[in-house]
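Here is a short report for a reader new to this structure. Please look over the sequence and the model first.

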Amino acid sequence: QAAAQRVVVISDLNPSYGSSKYSADIDRAIARVIELKPELVLATGDLVAGQRPRRHLKRKQLEAMWSSFHRHVSEPLAAAGIPLAVTPGNHDASVYPSFALEREIFQEQWSDRQPQVKMLSDEHYPLRYAFSFADLLFISLDVTRPGALSPQQMDWLTELLQQHGPSHRYRVVFSHLPLWAFAQKR
């Protein structure tokens with residue numbers, strides 16, 4: 001029997017559009033996460049507040065938002081020795097073409113911040129990737145708009161599960177948006 005693993009999931013920490021200010025509630029929440037001493041934290045998107053429909057944010061604004069996020073979330077977790085695995089959200093890495101700069105900056109921000117875990121597939125990190133953690137297989141999917149996965153992502157997922165799924169006791173697939181809608185008319 002494998003030892004229990006404590007994993008904390010955080011999501012949608014973004015303040016109002018374009019803001020680089022995180023509330024004291026976020027600081028308290030991260031302090032509480034650190035008190036819990038999880039082996040891993042998953043951040044399932046919308047970590048900064050981009051995707052403004054009109055008057056898109058500029059690089060400087062986006063980088064300021066990420067700098068604030070790292071100061072309030074990434075850096076305290078790293079200082080506590082807790083790995084942080086992220087997945088893109090629609091407000092920080094939308095796949096829609098009009099938000100290409102936000103997606104590019106998301107990739108820049110995380111390219112040097114891979115979690116300290118055993119990566120199994122990281123050629124598309126931080127958008128989609130997989131890692132092994134104890135007897136768990138974690139798979140991050142790039143789901144920032146509603147609808148089916150792209151054929152490329154579905155093929156990658158299928159191959160990954162066939163190759164690595166059997167050697168893990170549990171498989172955890174995480175993304176920002178659900179793969180199947182559960183709210184009416186959404």
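The model is predicted.

**Two helix pairs**

Start with helix α1, residues 24–36. Its partner here is α2, residues 59–79. α2 also packs against helix α4, residues 100–111. The table sets out both pairs.

| Pair | Angle | Axes |
|---|---|---|
| α1 and α2 | roughly 15° | within 10 Å |
| α2 and α4 | about 40° | 11 Å apart |

An angle under 35 degrees counts as roughly parallel, so α1 and α2 are roughly parallel to each other. Their crossing is right-handed. On the α1 side, I26, D27, I30, V33 and I34 make the contact. They meet H72, V73, P76 and L77 of α2. By class, this contact has 7 nonpolar, 1 polar and 1 charged residues.

Now turn to the other pair. The angle of about 40° makes α2 oblique to α4. α2 passes α4 in a right-handed crossing. From α2, the contact uses R59, L62, E63, W66, F69, H70 and S74. From α4 come L101, E102, E104, I105, F106, E108, Q109 and W110. This contact has 7 nonpolar, 3 polar and 5 charged residues.

Definitions and conventions
Residues numbered from 1 in each chain as written. Predicted model: local features only at pLDDT ≥ 70, side-chain atom pairs only at ≥ 80, totals over all residues. Heavy atoms only, no water. Axes fitted to C-alpha atoms, helices over the stretch in contact; angles between N-to-C directions. Helix = DSSP H or I, 4+ residues; strand = E, 2+ residues; numbered from the N terminus. Parallel < 35°, antiparallel > 145°, perpendicular 65-115°, else oblique. Left-handed = near helix turned anticlockwise from the far one by under 90°. Contact = heavy atoms within 4.5 Å. Nonpolar A, V, L, I, M, F, W, Y, C, P; charged D, E, K, R; others polar.
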